[in-house]
Amino acid sequence: MTRRKQAAPDKITAPAKVGLAKASLTEAAPAKAALVKPLTARATTPEPVDAATLAEIFARLSAANPEPRSDLDYLNPYTLLVAVVLSAQATDKSVNIATAPLFAKADNPAAMLALGEETVRHHIRTIGLFNTKAKNVVALSRILIEEHGGAVPREREHLEVLPGVGKKTASVVLNVAFGEPTIAVDTHIFRVSNRVPLAPGSTTDKVQAGLEAIVPEPYRLNAHHWLILHGRYVCKARKPECWRCPIADLCRYPDKTPGPG
Ligand code: SF4
């Protein structure tokens with residue numbers, strides 16, 4: 001059966017020119033800043049950290065948060081899948097507010113289908129792109145029932161063809177629900193990996209492939225969480241809080257933020 005699939009909005013691509021790299025790594029940096037920044041401002045792009053430093057970075061992130069977990073609330077693999085689909089271009093907090101009453105009514109595909117698109121849309125109306133997302137949640141629930149016996153498949157190829165599910169969403173589900181050592185690269189991980197740098201790359205796919213190739217085995221399962229949380233709460237987009245960063249002495253980012261005062 002041929003299925004038309006809604007593109008998942010989870011692709012992040014950095015501009016190719018070195019002179020514009022800073023704008024992408026600081027996300028919403030005004031276009032003007034990129035224009036006034038001379039192309040020679042960054043004399044050299046730092047080399048990625050070596051294997052021993054990489055291991056030390058993960059040892060520290062692990063020590064600070066031995067059992068990291070997703071900021072998204074979920075009850076089972078199905079609600080995790082729905083929550084991740086809803087989180088594209090939305091904050092986890094806004095998704096959790098919307099999904100608490102939604103999942104109380106529907107925590108499985110059959111119940112979600114019974115609720116119907118209109119009711120799902122009403123529940124998630126505070127989240128960006130809610131019209132498309134409501135359609136996708138209902139459509140993917142129908143496919144799970146018709147093709148997977150109502151269960152979330154454990155195979156990447158089956159996940160990635162679901163409406164609203166892209167490579168990143170599939171990686172998160174495989175990692176969090178099924179314990180696979182995938183490293184789903186979102187905007188936070190993309191930024192951290194390029195700043196330190198861990199596995200620099202101009203696209204999320206390149207960064208993901210780079211990270212999955214180099215992160216030491218004992219840290220692979222939770223690397224996704226550690227990097228995401230580090231990017232969200234410390235290595236922030238506009239102003240990284242380098243003065244309180246546990247890996248500041250290992251990080252090679254040339255524009256570290258000095259401590260306040
Ligand atoms: S030192 Fe600064 S730029 Fe480097 S990882 Fe820490 S917060 Fe990010």
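**Ligand shell, core and helix packing**

Modeller: In this predicted model, the shell of residues around the ligand comprises 10 nonpolar, no polar and three charged residues.

Biologist: Which of the 13 residues around the ligand come nearest?

Modeller: Those are Cys235, Pro240, Cys242, Cys245 and Cys251.

Biologist: Turning to the core, how many residues does the largest nonpolar core have?

Modeller: The largest nonpolar core has 58 residues. Within it, the most contacts belong to Leu81, Val85, Leu86, Val137 and Val173.

Biologist: Which helices each supply at least two residues of this core?

Modeller: They are α3, α4 (77-86), α5 (92-105), α8 (130-148), α10 (167-176), α11 (187-195), α12 (204-214) and α13.

Biologist: And where does the largest share come from?

Modeller: From α4, which contributes eight residues to this core.

Biologist: Why is α4 described as largely enclosed by the rest of the structure?

Modeller: The description applies because nine of the 10 residues of α4 are buried. The buried residues are Tyr78, Thr79, Leu80, Leu81, Val82, Ala83, Val84, Val85 and Leu86.

Biologist: What covers the buried residues of α4?

Modeller: The cover includes α5, α6 (109-115), α8 and α10.

Biologist: Now to isoleucine 127. Where is its place?

Modeller: Isoleucine 127 is in the loop that lies between α7 (117-123) and α8.

Biologist: Does isoleucine 127 count as buried or exposed?

Modeller: Isoleucine 127 has 20 C-beta neighbours inside 10 Å, so it counts as buried.

Biologist: What is isoleucine 127 in contact with, leaving aside its neighbours within four places in sequence?

Modeller: Its contacts are Leu86, Ala90, Ser94, Val95, Ala98 and Lys133. Leu86 is also one of the buried residues of α4 and one of the residues with the most contacts inside the largest nonpolar core.

Biologist: What separates the C-alpha atoms of isoleucine 127 and glutamine 89?

Modeller: A distance of 8.8 Å separates them, although the two residues are 38 residues apart along the chain.

Biologist: One last topic, the pair α3 and α13. How do their axes cross?

Modeller: The axes of α3 (residues 51-64) and α13 (residues 217-233) come within 10 Å and cross at roughly 75°. The two helices are therefore roughly perpendicular to each other.

Biologist: Which residues make the contact?

Modeller: On α3 they are Phe58, Leu61 and Ser62, and on α13 they are Tyr219, Ala223, Trp226 and His230.

Biologist: How do the residues of that contact divide into nonpolar, polar and charged?

Modeller: Five residues of the contact of α3 with α13 are nonpolar, two are polar and no residue is charged.

Note on methods
Residues are numbered from 1 along each chain as its sequence is written. This is a predicted model: local features need pLDDT of at least 70, side-chain atom pairs count only at pLDDT 80 or more; totals for chains, interfaces and linings use all residues. A residue is near a molecule or strand if its C-beta atom, placed from the backbone, lies within 6 Å of it. Ala, Val, Leu, Ile, Met, Phe, Trp, Tyr, Cys and Pro count as nonpolar, Asp, Glu, Lys and Arg as charged, and the others, Gly among them, as polar. Axes are lines fitted to C-alpha atoms, for helices over the stretch in contact, and angles run from 0 to 180 degrees between N-to-C directions. Helices (H or I, at least four residues) and strands (E, at least two) are DSSP runs, numbered from the N terminus. Angles under 35 degrees count as roughly parallel, over 145 as roughly antiparallel, 65 to 115 as roughly perpendicular and the rest as oblique. Two residues are in contact if their C-beta atoms, placed from the backbone, lie within 7 Å. A nonpolar core is a set of buried Ala, Val, Leu, Ile, Met, Phe, Trp, Tyr and Cys residues joined through C-beta atoms within 7 Å. A residue is buried if 20 or more other C-beta atoms lie within 10 Å of its own, exposed if 12 or fewer, and partly exposed in between; C-beta atoms are placed from the backbone.
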